[in-house]
Amino acid sequence: AFLLTAALIPRTAHLFLRANLFGRDINKKGTPRGEDKVPEALGLIPATIYLVVLCLRHVQTPRVEDGVPLQREALYSAALASVTFMILLGFADDVLDLKWRYKMVLPLFASLPLLVNYAGSTSILVPRQVQEVLGLSSMLVDLGVLYKVYMALLSIFATNAINILAGINGLEAGQSLVIACFIVAYNAMRLVPYWEVENLTVVRENNLFSVDLMLPFIGVALGLLHFNWYPSSVFVGDTFCYFAGMTFAMAAILGNYSKTMLLFFIPQLINFVYSIPQLIGIVPCPRHRLPRYNVETQKLEGIKTNLNLVNLTLLITGPLTERALCILLLAFQVICCLAGMAIEFALVAYIL
């Protein structure tokens, strides 16, 4: 996946320029590089490679057993359909430049194939203390259709969360790569749990299935980051953001750790909450909520009226170069993911 992405992006970038799919780097405005046409929506290339690799990976996988279709493979096909649907809608957004109110709804439609076919657990684990207070007879509480509503909301959040924490070279691909690596690490740790687990075989199958979805994603994200890192020669576009978010959502749902997934999205949650006044129209929302580039210092400066984590970081730290800002935000992502894993295992010990 990595090698194909690294080979195809430079060979196809000119096609996007020919189709007028390009942008200019606003964070370099006032410099010669700021006037260059940068191919946009190149997230389509790694997304396509990801689908091809997964299809080849499962081409020999049995679909039936004793004449009965395997539920696992049906869910895999549904997840693949959801990711494909989201890639298509993301590319449509790059071409049509849809408004935010439409972007918020698109992931719901893309998640429908999985929601319709999902027949797994809809129960959540309740701490012993809460169980005693509520007088519940079991630690498992079945949410029924409400769990599917939560799954749909997770799909919407994950796709848009990557999309709104963006705007500087390497940030979208970088944060996605960090999250994907921690997802693999988390699933690997669950393969040999230090606590007692019922149906360990099933749990391991879920974890391995999630890893199966994540490994080729890490490959394509790394290949894309090579070209999207500062100074970026390509832009990832909404296509990659939607593709990454939906892939994370599908892996979490099929791996049965959709609640834990949110702990890997702490920076995105902070960014989302901080952005709410602009996202819902209380505060005027410009098209690009980017920091200001100072030509003299060659650093980015935070803008108080642009409510996102990128500007908030600059307001706290002071002006930074774009490269330093991206490294700082990715380091924050790593720290938050580590904290998320610690919180998860602490909660497991507390609940059990």
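This is a predicted model: local features need pLDDT of at least 70, side-chain atom pairs count only at pLDDT 80 or more; totals for chains, interfaces and linings use all residues.

Visitor: At what angle do helix α7 and helix α10 pack?
Guide: α7 covers residues 145–164 and α10 covers residues 237–254. Their axes are 7 Å apart, and α7 passes α10 in a right-handed crossing. The packing angle is about 145 degrees.

Visitor: How many residues of that contact between α7 and α10 are nonpolar?
Guide: On the α7 side the contact includes M151, L154 and I162, and on the α10 side Y242, F248 and I253 are among the residues. Five residues of the contact are polar and one is charged. The nonpolar count is 12.

Visitor: How far apart are the end C-alpha atoms of α10, and what should its residues span?
Guide: At 1.5 Å a residue, the 18 residues of α10 should span 26 Å. The model agrees with that, as the end C-alpha atoms are apart by 27 Å.

Visitor: How many residues of α10 are buried?
Guide: Buried means under 20% relative accessible area. By that cut-off α10 is mostly covered, and the buried count is 18 of its 18 residues.

Visitor: Which residue does a cis peptide bond join to Y230?
Guide: Omega for this bond is about -10 degrees.

Visitor: N20 has a positive phi although it is not a glycine; is N20 buried or exposed?
Guide: The phi of N20 is about 65 degrees, and N20 lies in the loop between α1 (2–18) and β1 (22–23). Its relative accessible area is 57%, and the cut-off for exposed is over 50%. So N20 is exposed.

Visitor: And A41, also with a positive phi: buried or exposed?
Guide: A41 is not a glycine either, and its phi is about 65 degrees. You'll find A41 in the loop between β2 (38–39) and α2 (44–57). Its relative accessibility is 1%, so A41 counts as buried.

Visitor: What separates the C-alpha atoms of G23 and G34?
Guide: G23 is in strand β1 and counts as buried at 13% relative accessibility. Beyond its neighbours within four places in sequence, G23 is in contact with residues including D36, V38 and F235. G34 is 11 residues from G23 along the chain, and their C-alpha atoms are separated by 9.8 Å.

Definitions and conventions
Residues are numbered from 1 along each chain as its sequence is written. Side-chain values use heavy atoms; hydrogens and water are left out. Axes are lines fitted to C-alpha atoms, for helices over the stretch in contact, and angles run from 0 to 180 degrees between N-to-C directions. Helices (H or I, at least four residues) and strands (E, at least two) are DSSP runs, numbered from the N terminus. A crossing is left-handed if the near helix is turned anticlockwise from the far one by less than a right angle, and right-handed if clockwise. Contact means heavy atoms within 4.5 Å. Ala, Val, Leu, Ile, Met, Phe, Trp, Tyr, Cys and Pro count as nonpolar, Asp, Glu, Lys and Arg as charged, and the others, Gly among them, as polar. The expected span of a helix is 1.5 Å times one less than its number of residues. Buried means under 20% relative accessible area, exposed over 50%, partly exposed in between (1.4 Å probe, protein chains only).
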